[in-house]
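Let's explore a protein model together, one question at a time.

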Amino acid sequence: MEIKDFKIFQSVSQHQSISKAAKSLNYVQSHVTFRIKQLEQELNTQLFLRHNKGTTLTTDGEKFQTYVEKILATLNEIERDFDKQASSNGKIDIGIVETITKLPMLLSMFRKKSPQISLSLHTDVTANISKKIVNQNLDCGFVTGFKHHHNINKVELFKEKLVLISSTEMTQLEDITSAVFLVFKNGCNYRRNLEAWLKSENIKKPLLVEFGTMETIIGSVKSGIGISLVPKSSVQNDLENGSLYSYQLPDNYSNISTDFIWNKNYHLSPAMTHFIQTIKSVALEY
């Protein structure tokens with residue numbers, strides 16, 4: 001059993017697919033399959049159920065995953081603590097939700113104060129960023145609509161208003177609920193709020209089309225492909241000049257927070273401590 005086996009297991013678990021895990025790790029699929037089978041032989045148990053749609057953890061697989069997460073988190077912490085380049089200069093790995101419009105202002109403010117600290121940004125959805133922070137694969141993150149996790153500290157920065165946007169004016173609820181909805185992948189809290197609202201309207205099987213970036217979603221809405229739930233601040237100019245139209249949802253679906261999060265058990269570097277202090281000071285201004 002080697003360290004890379006833990007990483008392979010974790011990737012298959014996260015992607016729920018051997019082929020996707022192999023692609024993300026730059027391995028051939030047969031190698032990933034072989035290492036998983038070896039793990040199962042060493043542990044004398046089946047870790048994954050294989051089916052047409054991919055893989056699912058067995059009960060023993062879920063049990064093994066808790067150990068893997070602890071082992072990899074410890075290894076990450078060891079690497080950080082003994083990194084010869086870790087100093088007052090330092091590097092911070094930050095997970096970001098692409099749609100946070102005020103993020104450039106926040107990062108620019110920090111860069112002016114601490115130009116010697118390197119910032120590495122990793123774009124993903126809130127659920128994945130949160131998990132990577134728990135596993136100490138990221139130092140911190142800027143996410144949306146974060147609820148709670150016992151291993152994560154949170155500072156709410158500000159509130160955003162979400163609106164449904166379309167290329168034509170929407171006046172009837174029936175026109176909206178029968179439309180094609182353009183969304184980010186699962187784990188995005190804009191999508192979570194949209195699906196919750198559709199459920200409240202008794203729309204059981206809405207047609208959802210996934211996209212990877214906000215720019216693509218907005219461009220597709222303008223082209224008339226469908227409608228989407230996005231932060232009003234990201235399309236303010238388009239709404240004002242009439243290239244897009246909006247529909248307001250009830251507050252419990254349209255109000256969403258932008259949050260700064262980090263692992264409460266993580267040994268903070270001087271760079272990370274300074275970054276947290278800077279972000280907290282910004283939060284007090286909103």
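Q: Which helix supplies the largest share of the lining of the largest pocket?
A: Helices here are DSSP runs of H or I with at least four residues, strands are runs of E with at least two, and both are numbered from the N terminus. This is a predicted model, in which local features need pLDDT of at least 70 and side-chain atom pairs count only at pLDDT 80 or more, while totals for chains, interfaces and linings use all residues. Residues are numbered from 1 along each chain as its sequence is written, and side-chain values use heavy atoms, with hydrogens and water left out. Giving 6 residues, the largest share of the lining comes from α1.

Q: How much space lies in the largest pocket?
A: On a 1 Å grid over the protein atoms alone, a pocket is an open set of points with protein on both sides within 12 Å along at least five of seven lines, whereas a cavity is a set where a 1.4 Å probe fits but cannot get out; lining residues have an atom within 4 Å of a point. Points are joined across faces, edges and corners, and a volume is the space filled by probe spheres set on them. For the largest pocket, that space is about 920 Å³.

Q: How many polar residues does the lining of the largest pocket have?
A: The lining has 26 residues, with Gln10, Ser11, Gln14, His15 and Ser24 nearest the centre of the pocket. Ala, Val, Leu, Ile, Met, Phe, Trp, Tyr, Cys and Pro count as nonpolar, Asp, Glu, Lys and Arg as charged, and the others, Gly among them, as polar. By class there are 4 nonpolar and 8 charged residues, and the number of polar ones is 14.

Q: Which helix gives the largest share of the lining of the largest cavity?
A: The search finds 1 cavity of 30 Å³ or more, and the largest cavity holds about 40 Å³ of space. Its lining divides into 8 nonpolar, 1 polar and 1 charged residues. At least two lining residues each come from β7, α8 and β9 (228-231), and the largest share, 3 residues, belongs to α8.

Q: Is Asp124 buried or exposed?
A: A salt bridge is a side-chain nitrogen of Lys or Arg within 4 Å of a carboxyl oxygen of Asp or Glu. Asp124 forms one with Lys132 (3.2 Å, N to O) and one with Lys185 (3.4 Å, N to O). Buried means under 20% relative accessible area, exposed over 50%, and partly exposed in between (1.4 Å probe, protein chains only). Lys132 at 31% is partly exposed, but Asp124 has 14%, so Asp124 is buried.
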